[in-house]
Amino acid sequence: MKMLKKICLWFLCVFFFATPAFAKFNIAATLPWIGSIANEIGQDKVRVTSFVKPNQDPHFVAAKPSMILDVRKADILMYNGMDLEIGYLPVLVESSKNPKIQPGNPGNFDCSKFIDPIEVPTSVDRSMGDVHPQGNPHYQLSPKNILRVAEGIEGILSKADPENAGFYKKNFSSFRERLEEKQREWSAIPLRGKTFVAYHKFFEYLALESGFEIVGYIEPKPGIPPSASYVEKLVDMIKRVEPHAILSLSYYPQKEVKFLSEKTRVKSIIVPHDVGETEKVKDWFSLMDEVLKSLE
Amino acid sequence: MKPTIVFVMLLMFSSGAFAQTLEDRIRILEETLERQEEMIKEVKNLQETLKKQEKTIGEQRKLIEELKAEIRQQKAPEKIQEGAKQEKEEVSTSKDYQLDDRSRAIELKTASPLSPLQITKQTTPGLLNPAIGLSLDANYYTTNLSKSELNEGSIPGYLFGVEREFQKGFNLREAELTFFAPVDPYFNVYATIPITEDGVELEEAYFVTTSLPAGFQLKGGKFKSGFGRLNAFHPHAWDFVDAPLPYRAFLGEEGLDEKGVQLTYLPSLPVYTILGLEALQGENSILYGPNAGSGIHAFTGFAKASLDFGSDHTLLFGGSVTGGKTETDTIAPETRFSGTSILYDGELTYKWKPSNQKSFTVQTEYLFRHQAGDLLSLSTLAVDSLRRNQDGWYIQSLYQLGRWRIGARYDILSIFTDKYDLSGSKIDFGSRPYRLTSALEFNPTEFSRIRLQYNYDQSGRNDKLNNEILLQIILAIGAHGAHPF
């Protein structure tokens, strides 16, 4: 019982120590690109922490206590949605003990609510691999959808911090102008009609908008790594369709990609997938720059 | 000149000329023939090219048609005929890939922007149905011990008469049903209902508050206590098939799973720190017992902290204590103990996870139990006083590479102290109980796990070695809860 008294005292001590900081808006973002866009809109009025490493597979993020602490301190939690974070985010949200960011509250900001999803299955079960019931969740390379997400972020910030609404609106319109300008630059890159083989269903939004085609996948089913015999079959397929390149991401095993590239003499490209992955990818715009440049 | 000479000359000339022209003609003819042959070749080549071009045009037309059809489908989603192409495992181009997908009734469509009302998460609970999951945990177990030796199920000085969980041969540990849903903006409800061959249990059923201010959270109902590290994990989430010896000796395989309330506090500090207090009914049959007190008779407190070193290294450490009234029959044959118990726990977990493909974990816990009270002999009704100060420790390490994982564990009791005083006289039960365990896992996906485990078990304190081999399979269907750290 002595021990219990001690613990009670500890409780009280820590409670008085822990004074929350109100100076800036705290935004916790799951993926770095979400943090990047929040920074574009919020600039010096927000403090953004994003807790997924840019070289990490966003499907398999392990919850860490430090992430719980980030969510605990957040005024707004921004996430990709479409169940991409289903493996760790629910436990972070509940363990954070932060009422502001619980589902149903304005601080719980699902970026996918603002997008046009593609590949929405009418029925799905896990024998199909990691198929997301709400559609393909990798929309970060879609300028069309990202513009809407940025607008959504402007909306939530203006609502949560009405004093600075004008500031956020101005930042969003300069974001839009920059995006429109960049899109003219991007559309000059000759991708229309090109064909690619990809490791994962990661480029479908970009393919739709840029007019190239993904003609096959190294994964036999989303999220299922290829077997040796499957890779052998892929060699024939790639030789037959002669794609422009094989697209992979840094977090996938490079062994199969290298093997396929050597066997078929089709070049393989490791495409950057999130902000901060390489030195050149500083924000969402430079991410798009690097991605489109690598596909050329 | 004479006409004959002229004639001859003419003849000569003309014949010469004639011969020349013939030769020339033949040459010309040959050349023409050659040219014609070349032209024919060229024409043939051209024809081939044309054919090729026609083919390409045809293919492109087909593609355009397919794309048109797709656009039509995208605009007005229709059920796509199943079984259009059922070539499984056939590697193919995008069209075939999509066909393959279609055969699995996946439809591609571009939905209009979703209104908040339209958003229904299939893997998270809807309005009418909670998220439901089922995990199946089955194994094959074999040992060199006989059935009766196995069923003694005791660690002399620690535990008596607690049946072993597994019998030789096939075992179905449980099919565990889990339910989860938010109740309203203030509560979430969870229930864990393992179904075994003996019937249905209610392992956990509790609420968690979601809107208390300042980092406080209340949990209530029946739940696994926040005491220690391993205690809150369900068996299917353990790193080995069975619980380590200190848990088995002090709390039982099921751990501290009690009716009660828990208050936790997560302060907004630079370092993750969590503090918790619990008031529990105290029904754990080894540490407490349902008849030990008339009401709430057990309490728990814990404090844990976590530090990150870089982005790949994480350390979690903490201390816990649980204490209360005890009444149990699990100490010695034909006896009943009543008194008080207090159990301390120190925990440390280190995790290195540089990528999804690789990780390394070390986890260790030290437990110390102090117990004092009366030991009643159920046959003679004699009462002895009993004081027990005993401890235990385990350390386990796991290394994951891709879909494979290997693990090793060392668990031991009586590490620093093994005091068993019966009415003032110390009883010695012999050698220290310990085990060595190794395991190999294959995880096809995050929803399935196959594990082979070997235990070198010297916990019987009778020099009788128990060699155990377990082959386990764990499968999860339905809603799958997020993994805690």
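1. The model is predicted, so local features need pLDDT of at least 70 and side-chain atom pairs count only at pLDDT 80 or more, while totals for chains, interfaces and linings use all residues. Residues are numbered from 1 along each chain as its sequence is written, chains are lettered from A and ligands numbered from 1 in the order in which they are written, and side-chain values use heavy atoms, with hydrogens and water left out.

2. Four strands of chain A form an open sheet with parallel pairing, in the order β6-β5-β7-β8 (strands are DSSP runs of E of at least two residues, helices runs of H or I of at least four, numbered from the N terminus; two strands pair if DSSP finds at least two bridges between them). Because β6 (213–217) and β8 (268–270) of chain A stand at the edges, each with a single partner strand, one side of each lacks a neighbour in the sheet.

3. Strand β7 (residues 245–248) of chain A is joined to β8(A) by three bridges, the two running parallel, and A:Ile246 stands opposite A:Ser268 in β8(A).

4. Helix α8 (residues 228–241) of chain A packs on the sheet, where it touches β5 (195–198), β6 and β7 of chain A (contact means heavy atoms within 4.5 Å). Its direction makes about 150° with that of β6(A) (axes are lines fitted to C-alpha atoms, for helices over the stretch in contact, and angles run from 0 to 180 degrees between N-to-C directions). Helix α9 (residues 254–264) of chain A lies across β7 and β8 of chain A.
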